[in-house]
Amino acid sequence: MEATAPADLTLAAGIHDLLRRRGETLATAESLTGGLVGAVLTAIAGASMTYRGGVVAYATDVKAEVLGVPASLLAERGAVDPDVAAAMASGVKERLGADWGLALTGVAGPDPQDGQPVGTVHIAVAGPDGVTGVVGNLVAGDRDAIRVASCRAALHALYLRLGGGE
């Protein structure tokens with residue numbers, strides 16, 4: 001299963017269309033997906049009109065130093081936490097000057113991390129009215145399947161938050 005399946009590209013195109021109509025922009029912060037969301041978003045021609053860029057914050061210290069996730073939160077709960085996802089989304093939105101921030105953190109495997117089982121994924125969307133849409137779920141499959149499913153879930157969460165599908 002590839003992250004750039006036709007359904008993913010259709011969803012990404014829908015996101016760009018909604019952002020264009022609203023006159024807004026997006027930035028992404030990714031951990032477990034390692035840039036997969038940004039790759040899908042930039043596979044769409046004209047993405048530069050709405051996509052400001054992304055930060056692959058794979059290491060915990062990058063989440064703190066680059067995205068501004070409080071070090072105390074990371075020390076207390078670890079990197080795989082819904083509040084960390086929310087802070088990542090807000091941080092990338094602010095630092096890249098976007099209207100929207102989309103963030104993912106989780107455990108792709110093969111081993112658990114921070115006491116969280118493989119497949120734990122937290123997705124947050126930060127918009128002009130604050131952070132909402134924090135999604136936590138358990139994704140089944142191997143490392144690649146978890147990464148791809150997480151990418152799709154993040155794009156879907158953002159699409160819905162932007163008013164798509166209504």
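Predicted model: local features only at pLDDT ≥ 70, side-chain atom pairs only at ≥ 80, totals over all residues.
Local features require pLDDT of at least 70 and side-chain atom pairs count only at pLDDT 80 or more, while totals for chains, interfaces and linings use all residues. Residues are numbered from 1 along each chain as its sequence is written, and side-chain values use heavy atoms, without hydrogens and water.

Helices (H or I, at least four residues) and strands (E, at least two) are DSSP runs numbered from the N terminus. The axes of helix H1 (residues 6–22) and helix H6 (residues 143–161) come within 10 Å and cross at roughly 30°; axes are lines fitted to C-alpha atoms over the stretch in contact, with angles from 0 to 180 degrees between N-to-C directions. H1 is therefore roughly parallel to H6, a term for angles under 35 degrees. Contact (heavy atoms within 4.5 Å) is made by Asp8, Leu11, Gly14, Ile15 and Leu18 of H1 and by Arg152, Leu155, His156, Leu158 and Tyr159 of H6.

The loop between strand S3 (100–106) and strand S4 (120–127) contains Pro110, which a cis peptide bond with omega of about 15° joins to Gly109. Asp114 lies in the loop between S3 and S4 and has a positive phi of about 50°, although it is not a glycine.

Technical notes. Parallel < 35°, antiparallel > 145°, perpendicular 65-115°, else oblique.
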